[in-house]
Amino acid sequence: MLFKKQFQTGEQNGVSWLNGKVQFRSISLNVYSYLVDGVLIDTGGASLHKQFKAFIDEADFDQVMLTHYHEDHTGNAAYIEQTRKVHIFLSGRTVDYCTKKADYPLYRKLFWGKRKPFHAEAMPETFKSRNAVWDVIDTPGHSFDHKAFLNRETGHLFTGDLYVNPRTKLVLAEEDIPAIISSLERVLTYDFGSIYCSHAGYVKDGRKAIERKRDYLVSVRQNVLAMRKEGKPAEEIRSQLFPKQYPIIKISGGEWDSLHIVNSIINDKGME
């Protein structure tokens with residue numbers, strides 16, 4: 001098989017998780033699903049159904065919270081809908097989209113599988129688990145419907161794809177760096193400690209991690225705007241700030257690229 005798949009399970013401070021990984025040559029992609037206090041946060045990709053199935057089947061939960069609509073987070077939602085009588089919540093902006101056959105490029109289907117249609121309810125502004133009240137925080141940027149979840153009782157913040165890496169080098173074409181900066185600043189107004197990232201996993205000092213990412217992206221924005229003011233085109237700015245060419249750029253046909261970082265900053269209407 002060209003694609004290698006594996007998984008690990010773990011537990012930290014009352015939060016259980018499964019981390020599934022898909023590897024193709026030098027490209028390795030992973031995604032987490034978290035279980036805490038009767039809440040399942042994200043469901044993994046459909047291509048990892050065999051790896052996630054036992055975790056989902058054995059998990060004790062009565063509601064599913066999806067950070068956003070991307071297929072690596074919603075890939076097993078249809079299976080849960082078919083096998084469990086639980087509430088599934090997603091941003092109201094993408095509830096209808098997910099009732100239809102997923103539309104995304106072939107390389108993503110090869111990595112994450114074909115996300116089957118499922119039915120979700122619109123995400124509330126807050127929700128209750130068995131022993132806590134949670135804040136649902138709007139955190140667009142990685143996707144327009146992205147949410148983060150804060151457990152007020154424990155101070156644990158589930159960040160979906162808001163954090164991922166403190167020094168972002170390339171992003172999806174739909175990502176918006178200025179919006180991500182605003183989302184990072186928004187979560188920093190909340191009282192939280194550890195974060196649980198959908199790709200980086202458990203990060204003990206979550207506030208410092210979020211601050212580092214915010215500061216890094218602010219610096220990138222400043223550099224891009226300064227070079228743009230000098231009259232440099234986006235491609236030249238990209239080549240100077242992000243010279244490395246990652247394999248995923250070619251495999252994705254440019255859907256993943258450092259150039260999207262530059263263009264999202266240049267095209268930010270808030271900076272006009």
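In what sense do strand E1 and strand E2 pair, and over how many bridges? Let's start there, everyone. Keep in mind that we are looking at a predicted model.

Strand E1, residues 3-12, pairs with E2 in the antiparallel sense, over 10 bridges.

Now let's follow the chain onward. E2 also pairs with strand E3, residues 27-36, again in the antiparallel sense, here over nine bridges. Trp17 has Tyr34 in E3 as its bridge partner. E2 and E3 make a hairpin too, with two residues between the strands, and Arg25 in that turn has a positive phi of about 55°.

So why can we call E2 largely enclosed by the rest of the structure? Seven of the 10 residues in this strand, which covers 15-24, are buried, and therefore E2 is largely enclosed. For anyone new to this, buried here means under 20% relative accessible area.

Next, please turn to another sheet. This one is open and has six strands, in the order E8-E9-E10-E11-E13-E14, with mixed pairing. Which strands stand at the edges? They are E8, residues 126-128, and E14, residues 201-203. Each has a single partner strand, so one side of each is left without a neighbour in the sheet. From one strand to the next, the twist averages 25°.

Strand E11, at residues 157-160, and strand E13, at residues 195-197, pair in the parallel sense over three bridges. Gly160 is the residue to look for, as it stands opposite Cys197 in E13.

Finally, the helices. As a quick reminder, two packed helices are described by the angle between their axes and the distance between the axes. For helix H6, residues 206-229, and helix H7, residues 234-241, the axes come within 10 Å and cross at roughly 135°. H6 and H7 are therefore oblique to each other, and H6 passes H7 in a right-handed crossing.

Who makes the contact? On the H6 side we have Asn223, Val224, Met227 and Arg228, while H7 brings Ala234, Ile237, Gln240 and Leu241. Sorted by class, that contact has five nonpolar, two polar and one charged residues.

Key
Residues numbered from 1 in each chain as written. Predicted model: local features only at pLDDT ≥ 70, side-chain atom pairs only at ≥ 80, totals over all residues. Heavy atoms only, no water. Pairing = 2+ DSSP bridges. Helix = DSSP H or I, 4+ residues; strand = E, 2+ residues; numbered from the N terminus. Axes fitted to C-alpha atoms, helices over the stretch in contact; angles between N-to-C directions. Parallel < 35°, antiparallel > 145°, perpendicular 65-115°, else oblique. Left-handed = near helix turned anticlockwise from the far one by under 90°. Contact = heavy atoms within 4.5 Å. Nonpolar A, V, L, I, M, F, W, Y, C, P; charged D, E, K, R; others polar. Buried < 20%, exposed > 50% of the residue type's maximum accessible area, 1.4 Å probe, protein only.
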